[in-house]
Amino acid sequence: MPGYLDHARVGPLSRPAARALAGANGLATRMAPADLDRLFALGDAARASAARLLDARPHELALSPSTSNGLFTVAAALQGPGTVLVPRGEFPANVYPWLRFEGRGGPDVRLVEPDEGRHITPESLRRRLTPDVVALTVSAVDSLTGHVAPLAALKEVLGPHRLLIVDAIQGLGAVPLEAEAADVLVSGGQKWLRAGWGAALLLIRDRCAARLAPGLGGWAGVAEPFAERHPAPPLPGAAAHLATNPDFPAAAALGAALDDLAGQGGPAAVGARIRATLAELLDRAERAGAEVLLNGRGPAERAGIGTFRLPGHDPAAVHRALEAAGVVTTRRGEWIRLSPHASTPAAATDLFAEALAPFARPTGRARTATAGPATPEPVPPDPASGTPPTRTTSPSSTTLTQEPTCPTT
């Protein structure tokens with residue numbers, strides 16, 4: 001549907017992913033020996049595609065059932081003593097694994113207050129480092145503000161002996177990420193990759209593999225699962241952390257989504273289109289008198305997520321009006337989150353503006369910073385719909401008057 005602006009919640013299954021899923025399920029209906037081998041090969045192909053995207057070796061990647069499961073796997077693997085830093089305001093999937101394993105062999109958890117709203121900066125991280133800190137876990141992209149974390153700068157502050165653990169689900173497939181800085185990275189495919197549920201990437205780089213014990217590693221993670229005596233030696237690389245075999249049809253869909261992303265020019269090309277569409281939507285929101293939650297960040301520091309509110313109007317009523325007009329968004333408290341994709345048509349912007357028209361009020365569009373007049377920004381072509389016309393965007397930001405405190409998916 002043209003008004004679907006909720007990919008940060010769920011990305012509708014793409015056609016390549018849907019075809020791959022159907023094909024793998026077809027293999028599973030027969031299950032001849034050759035078909036089973038082909039299913040296993042689909043998992044290997046997905047890992048190879050992910051390795052190319054993340055500048056990793058295939059053995060550094062395993063397929064986990066979900067982002068949450070992958071993070072629990074890492075929390076079980078990171079044995080104490082020590083302390084893991086968790087920014088307050090992280091999405092709960094990146095909080096509970098550390099809390100659950102604290103006191104059960106895992107490191108202590110220290111929730112840290114970010115200096116700038118929901119974000120931890122390299123400067124604030126440096127002030128919080130103490131000799132007992134062994135890791136920092138962060139989201140690559142904040143799920144409410146869309147802020148892109150400076151992963152390389154954070155890793156530089158941490159140094160080679162502390163781990164940078166990254167929940168990448170709100171960024172992978174939407175914008176370029178400094179993935180090479182992550183020692184460990186986890187991401188499901190059901191949002192920006194549009195691959196559906198059931199398979200997630202678990203990246204554990206060789207440089208830190210020795211520091212992570214296979215805490216949840218089961219029979220699928222050992223070299224001789226049918227040995228007479230157990231435990232058998234673990235498999236090399238990230239596979240040591242597998243509890244069981246992956247969902248192979250889901251892995252096929254994830255691999256197809258990754259290949260489709262590469263075919264569209266990769267995260268840089270797709271991300272440019274997403275950001276251009278998001279800039280148009282936020283511009284229309286500002287024209288209607290909205291306050292946009294940019295937190296003082298420039299366009300390049302925001303991924304595919306933009307959030308706004310209309311002062312003086314019930315956010316639930318605004319959300320219902322958008323839905324009635326065919327515009328699908330997510331509401332979190334007083335904030336409404338927009339998350340278009342590269343496939344979002346230009347008609348979505350008009351639908352959005354028309355739905356906001358009854359709430360509009362005159363506005364001077366006061367901002368904390370400006371960068372001159374709007375300039376044309378070229379938009380990469382969308383293979384599904386052809387090349388759209390050049391869009392005009394304005395790289396300025398609005399004043400943030402109240403900072404949200406609750407995490408959001």
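At 35% relative accessibility, F40 counts as partly exposed, where buried means under 20% relative accessible area, exposed over 50%, and partly exposed in between (1.4 Å probe, protein chains only). This is a predicted model, in which local features need pLDDT of at least 70 and side-chain atom pairs count only at pLDDT 80 or more, while totals for chains, interfaces and linings use all residues. Residues are numbered from 1 along each chain as its sequence is written, and side-chain values use heavy atoms, with hydrogens and water left out.

F40 lies in helix α2. Helices (H or I, at least four residues) and strands (E, at least two) are DSSP runs, numbered from the N terminus.

M31 is found in the loop between α1 (15–30) and α2. M31 counts as partly exposed, at 42% relative accessibility. Its phi is positive, about 60°, although M31 is not a glycine. D55 also has a positive phi, about 55°, and is not a glycine. D55 is found in the loop between α2 and β1. With a relative accessible area of 61%, D55 is exposed.

**The cores**

Now move inside. A nonpolar core is a set of buried Ala, Val, Leu, Ile, Met, Phe, Trp, Tyr and Cys residues joined through side-chain atoms within 4.5 Å. The largest one has 52 residues. L125, L136 and V166 have the most contacts inside it. Several elements each supply at least two residues, among them α2 (33–54), β1 (61–64), β4 (133–139) and α9 (266–287). Helix α8 gives the most, with six residues.

Which residues does L125 touch, not counting those up to four places away in sequence? L125 touches L85, I120, L136, L154, V157 and L158. Contact here means heavy atoms within 4.5 Å.

A second, separate core has 27 residues, including L71, V95, L202 and L242.

**Strands and their partners**

In a regular strand the side chains alternate between the two faces of the sheet. Strand β1 is covered on both faces: L61 and L63 are buried on one side, A62 and S64 on the other. Strand β2 (residues 83–87) is mostly covered, with five of its five residues buried. In β2, T83, L85 and P87 are on one side, while V84 and V86 are on the other.

Two strands pair if DSSP finds at least two bridges between them.

| Strands | Sense | Bridges |
|---|---|---|
| β1 and β7 | antiparallel | four bridges |
| β2 and β3 (residues 108–112) | parallel | five bridges |
| β8 and β9 (residues 306–309) | antiparallel | two bridges |

L61 stands opposite L203 in β7. P87 stands opposite V112 in β3. The bridge partner of V292 in β9 is F308.

Four strands form an open sheet in the order β8-β9-β11-β10, with antiparallel pairing. Which strands are at the edges? The edge strands are β8 (291–292) and β10 (330–332), and each pairs on one side only.

A cis bond joins G80 and P81, with omega about 5°. P81 is in the loop between α3 and β2. Another cis bond joins H230 and P231, where omega is about 5°. P231 lies in the loop between α7 (206–209) and α8.

Next, look at N69 in helix α3 (residues 67–77). N69 is partly exposed, with a relative accessible area of 34%. How far apart are the C-alpha atoms of N69 and V186? They are separated by 9.2 Å, although the two residues are 117 residues apart along the chain.
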